[in-house]
Amino acid sequence: MIIGFTTSFPVEIIYAAGHKPVDLNNIFITGNAKKYVEDAEFIGYPRNICSWIKGMYSVVLSSEIDAVIGVVEGDCSNTQSLMATLKDKDIEIIPFSFSYNKNRQELKREITKLEEYFNVPHSKVMEVKMRLDRIRKKLIYLDELTYKENKVTGLENHFWLVNSSDFNGDPDNYENRLDQFVLEAENRESLKFNFRLGYLGVPPIITDLYYFLLENDANVVFNEIQRQFAMPYMEEDLTDQYLKYTYPYTVFDRLEDIKVEIKKRKLDAVISYSQSFCHRQIDNMLLKKYIDIPFLTIEGDQPGDLDARTSLRIESFLDMLRY
Ligand code: SF4
């Protein structure tokens, strides 16, 4: 079976059950994203709802997805309604919740529920976890090649980390391609750029952001949420792994991680991305309040290239850093 999902969750369970997990966000953004959004609006999805939600809706209806795991606590305030509209189209819906209070027992119960749903023993799930952790270790190395050696661009870093949410549905193939990429990156000259940036927030819907930054002498050496998708803490226990993962919890959990990485990676500034109509724009107020290096908020709405106004704001921000 092909199992779609709305954000990172214990994907180990799906692999252990012999199914193929598919991150709906990745299919949306690498496909005909504008068309996916238009299709959802055509059937009545409101204009003032985040494009990712509309994109995921259309992806499910136009792909060979057998069931969808909706993370209904710890991700997006719109997911419950997205699930309802999919259920109305006879799509099988499986809810998963992170615990708002990071309660270990609650999260463990959710994991057990999912294992029971897919009828897979925990021991088998742990075998898959160990297999995926071997790839995740390589992603930690790729991240180090980015911020220690300056051999990987922000876009490449983004690409590998964001795709680790589902390992493109085929961990062996993903790992082979990753090995080749790492080998190539190791043998490169270090990149030359003036500014070391952090990128905060959900992955951008803007397609050329990283190119634009690099053209303007700035490389992203910290992709906050994408790195979270790669589960970089190497916890031995599955529940602990998903307790350490900051994205589903509060903005204060994210801040703790961000502050460590700002120092470790010697960041000059951060760009905080907000998606139009996303409740996480509220979190951005607190990120801005508690992060004490130069901070620029940008917003994206529809899939596509940077608009002129945002390009100008980024250029002015980099000019300010320069002088
Ligand atoms: S960007 Fe925000 S509103 Fe859109 S799907 Fe993600 S969490 Fe939900």
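View 1. The protein, shown here as a predicted model, is divided into domain 1 (2-120) and domain 2 (123-322). The centres of domain 1 and domain 2, taken over C-alpha atoms, are separated by 22 Å, and the contact takes 32 residues from domain 1 and 29 residues from domain 2.

**View 2. The side of domain 1 that touches domain 2.** Two or more residues each are given to this side by helix H1 (12-16), strand E2 (20-23), helix H2 (24-30), helix H3 (33-42), helix H4 (51-62) and helix H6 (104-117), with H6 giving the most, five residues. By class, the residues of this side of domain 1 divide into 17 nonpolar, six polar and nine charged.

**View 3. The shell around the ligand.** The ligand is surrounded by Cys-50, Trp-52, Ile-53, Asp-75, Cys-76, Asn-78, Val-202, Gln-275, Cys-278 and Arg-280, a shell that has six nonpolar, two polar and two charged residues. At least three residues of this shell are drawn from each of domain 1 (2-120) and domain 2 (123-322).

View 4. The strands follow the order E6-E5-E7-E8 with parallel pairing, and the edge strands, E6 (218-223) and E8 (295-300), each pair on one side only, while the twist from one strand to the next averages 30°. Within this sheet, strand E5 (residues 195-200) and strand E7 (residues 269-275) pair in the parallel sense over four bridges, and Leu-197 stands opposite Ala-269 in E7. Helix H14 (residues 280-290) lies across E5, E7 and E8 and runs at about 160° to E7.

Methods:
Residues numbered from 1 in each chain as written. Predicted model: local features only at pLDDT ≥ 70, side-chain atom pairs only at ≥ 80, totals over all residues. Near = placed C-beta within 6 Å. Nonpolar A, V, L, I, M, F, W, Y, C, P; charged D, E, K, R; others polar. Domains from an automatic or database assignment. Pairing = 2+ DSSP bridges. Axes fitted to C-alpha atoms, helices over the stretch in contact; angles between N-to-C directions. Contact = placed C-beta atoms within 7 Å.
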